Amino acid sequence: PLGSVVRAAHDGVVSFAAPFAGFGNLVIVDHGGLAYSLYGQLGEIGVEQGRVVAKGTPVGTVGPSVDGTPALYFEMRIDAAPVDPLQWLKTPPGSPSP
């Protein structure tokens with residue numbers, strides 16, 4: 001829903017947090033090893049560039065798409081190529097659920 005909290009998928013450092021053409025309000029988190037998560041179409045940005053974030057840290061809120069419906073753009077990139085994000089979103093066995 002519009003305004004829902006968007007959380008970091010993994011530990012990292014915020015490398016970008018500002019409006020970006022085609023993505024609206026965009027946050028990019030650098031996870032090291034050339035791995036990045038992108039969070040676009042945010043209603044509000046909740047972090048600043050350079051901030052260290054842990055998995056689950058709020059990075060912003062769900063914003064509206066161009067047609068006004070709630071939207072969130074999420075992407076994982078490794079070596080500049082998009083990858084299936086499911087491995088990054090899984091909770092390790094024995095860990096508490098987010």
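**Notebook: strands, rings and a histidine**

I started at the hairpin of strand 2 and strand 3, which has 3 residues between the strands, and there Gly-22 takes a positive phi near 90 degrees. Strands here are DSSP runs of E with at least two residues, numbered from the N terminus. I note that this is a predicted model, where local features need pLDDT of at least 70, side-chain atom pairs count only at pLDDT 80 or more, and totals for chains, interfaces and linings use all residues. Residues are numbered from 1 along each chain as its sequence is written, and side-chain values use heavy atoms, with hydrogens and water left out.

**Strand pairing**

I looked up what strand 2 pairs with (pairing takes at least two DSSP bridges between two strands). Strand 2 and strand 3 run antiparallel and are joined by 7 bridges. In that pairing I found Phe-16 opposite Ile-28 of strand 3. Strand 2 (residues 12–20) also runs antiparallel to strand 5 (residues 52–53), with 2 bridges between them. Val-13 has Val-52 as its bridge partner in strand 5.

Next I went to His-31, which sits in strand 3 (residues 24–32). Buried or exposed, I wondered about His-31? His-31 counts as buried, because its relative accessibility is 14%; the cut-offs are under 20% relative accessible area for buried, over 50% for exposed and in between for partly exposed (1.4 Å probe, protein chains only).

The side chains of His-31 and Ser-37 make a polar contact of 2.7 Å. By that term I mean N or O atoms within 3.5 Å; within protein, one must be able to donate a hydrogen and the other to accept it, and residues adjacent in sequence count only if both atoms are side-chain atoms. A polar atom of the His-31 side chain also lies 3.5 Å from the backbone oxygen of His-10. Leaving aside neighbours within four places in sequence, I listed the contacts of His-31 (heavy atoms within 4.5 Å), and they include Asp-11, Tyr-36, Met-76 and Trp-88.

Ser-37 belongs to strand 4 (residues 35–45) and is buried, at a relative accessible area of 0%. Not counting residues up to four places away in sequence, Ser-37 touches, among others, Val-27, Val-29, Phe-74 and Glu-75.

**Aromatic pairs**

I got 4 aromatic pairs for the structure. The ring centres of Phe-16 and Phe-20 are 5.7 Å apart with the planes at 90 degrees, so this pair is edge-to-face. The cut-offs for Phe, Tyr and Trp (its six-membered ring) are centres within 6.5 Å, then planes under 30 degrees apart for stacked, over 60 for edge-to-face and the rest tilted. Phe-16 is partly exposed at 24%, and Phe-20 is partly exposed at 44%.

Tyr-39 and Phe-74 form a tilted pair, 5.4 Å centre to centre with 50 degrees between the planes. This pair links distant parts of the chain, 35 residues apart: Tyr-39 is in strand 4 and Phe-74 in strand 8 (residues 73–78). Tyr-39 is buried at 1% relative accessibility, whereas Phe-74 is partly exposed at 26%. I also logged one aromatic cluster made of Phe-16, Phe-20, Phe-23 and Tyr-73.

**Salt bridge**

How many salt bridges does a search of the whole structure find? I found 1, counting a side-chain nitrogen of Lys or Arg within 4 Å of a carboxyl oxygen of Asp or Glu. Glu-75 and Arg-77 form it, with the closest N and O atoms 2.4 Å apart. Glu-75 is buried at 10%, while Arg-77 is partly exposed at 27%.

How values were computed. Helices (H or I, at least four residues) and strands (E, at least two) are DSSP runs, numbered from the N terminus.
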